[in-house]
Amino acid sequence: MKSTGQAFRPRSVRPPAFAAVAAWLPAILAAFALLAIASTTANAQYQRQVDVVPSAEDIGDEYVTPLVQRPLPRADWWNAVDVAALVVGLALSSWLVLKKRSRAGSLLLTIACLLYFGFYRQGCVCPIGAIQNVAVSLTDSSYTIPVVVTVFFFLPLLTAFFFGRAFCGGVCPLGAIQELVLIRDVQVPRKLDKWLGLLKYVYLVVAVILAIRPAADREFIICRFDPFVGFFRMTGSGWVLMFGGALLIIGTVVGRPYCRYLCPYGGLLAPAARFSWRGVSITPSQELDCGLCVEACPYGAIEKLRAVKSSCLYCARCYAACPNEPVNHPAPTTTDTETPPETSTQP
Ligand code: SF4
Ligand code: SF4
């Protein structure tokens, strides 16, 4: 019998795009309904209630309430650029990690987004702080938020339903600054990791409760205690900068401590990503059981040699560490495959 010379290799079964979209249709509709509610006053002029909060007494640390009570909204075209950058960033992060499986590409995107969203746009607008704006706009009809804030809040979440935490992987500047300081990770014991991971949900609930109080008592603690925005703006109160600095120092040996244990937006992305259509798949059909990927993952996101969708931060290190990963086996060049010339044994 003639052999084809090709070994049978099982192919991973993926749901067709149509079926996946249909399965997530209720979630998509719910997201757009929330989007519509939050944007009911999209065309109204942006009013920041600085006459109520924040005030000098609320913030302290020599904060002076600005004289201008209604800061001019940013030019529309800047908002459009920010939204376009977010869309491109999310698409690139998903493509680089899920399709190209490229650690180098993901790292480049991380650096680019840190420069743009972090140092250039100075950490604003960001979905983490937007949690509070969206919560208030849903509970107080007199509070309006710009469309760009609404989009920044919902789009990474919507992406997480389809492609996992692509926002955390290459787009979020807070994640990026921690990603870049990691030198050598110490694996946090799994039980401790899980317990500490609950803190972000507590922080999320407390932040929302404090944000939706009556206007006079309202507190936006996520912005107030943002540990890294001070670095992006080269300013900020001393103790918040020290808090951020401490997190970065810890982050040299513990992968992304703020993301894993404190980020309230992570508390929304994690459950969304748990049910995502696609996620990081470590060598789906050729498992080695060597555990190299587990060692390579600085975020404790691999269990039983599989990436856990809710905690995988899309860094692509596991691909880079895997000997079975096709990207680690460049195609042989013609020179490599050339048959060596036969040495004549004839006299
Ligand atoms: S967990 Fe939070 S801070 Fe970390 S990358 Fe994701 S959104 Fe950003
Ligand atoms: S499983 Fe770990 S190493 Fe792999 S992409 Fe996710 S966070 Fe990175």
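pLDDT is the predictor's confidence in each residue, on a scale from 0 to 100. I started there, as this is a predicted model.

**Confidence.** I looked up the chain average and found a mean pLDDT of 81, with 71% of residues reaching 70 or more.

**Ligand 1.** I listed the residues around ligand 1 and noted four cysteines among them: Cys-168, Cys-172, Cys-259 and Cys-263. The list also includes Ile-128, Phe-167, Leu-174, Tyr-258, Tyr-265 and Leu-269, along with Gly-175 and Gly-266. At least two residues each come from α8 (166-171), α9 (173-181), α15 (257-261) and α16 (266-274). By class I have 10 nonpolar residues, two polar and no charged.

**Ligand 2.** I repeated the search here and got 14 residues, of which Cys-297, Ala-307, Cys-312, Cys-315 and Cys-318 come nearest. This shell has 13 nonpolar residues, no polar and one charged.

**Helix pair α7 and α16.** The axis of α7 (residues 147-163) comes within 7 Å of that of α16, and the two cross at roughly 30 degrees. I recorded the crossing as right-handed. On the α7 side I find Pro-156, Leu-157, Ala-160 and Phe-161 in the contact, and on the α16 side Leu-268, Leu-269, Ala-272 and Ala-273. The classes are eight nonpolar, no polar and no charged. I note that Leu-269 is also listed around ligand 1.

**Backbone.** Most residues other than glycine have a negative phi, and most peptide bonds are trans. I looked for exceptions and noted two. The peptide bond from Cys-124 to Val-125 is cis, with omega near 20 degrees. I placed Val-125 in the loop between α5 (103-120) and α6 (127-139). Lys-304, not a glycine, has a positive phi of about 50 degrees. I find Lys-304 in the loop that lies between β1 (302-303) and β2 (306-307).

Methods. Residues numbered from 1 in each chain as written. Chains lettered and ligands numbered in written order. Predicted model: local features only at pLDDT ≥ 70, side-chain atom pairs only at ≥ 80, totals over all residues. Near = placed C-beta within 6 Å. Nonpolar A, V, L, I, M, F, W, Y, C, P; charged D, E, K, R; others polar. Helix = DSSP H or I, 4+ residues; strand = E, 2+ residues; numbered from the N terminus. Axes fitted to C-alpha atoms, helices over the stretch in contact; angles between N-to-C directions. Left-handed = near helix turned anticlockwise from the far one by under 90°. Contact = placed C-beta atoms within 7 Å.
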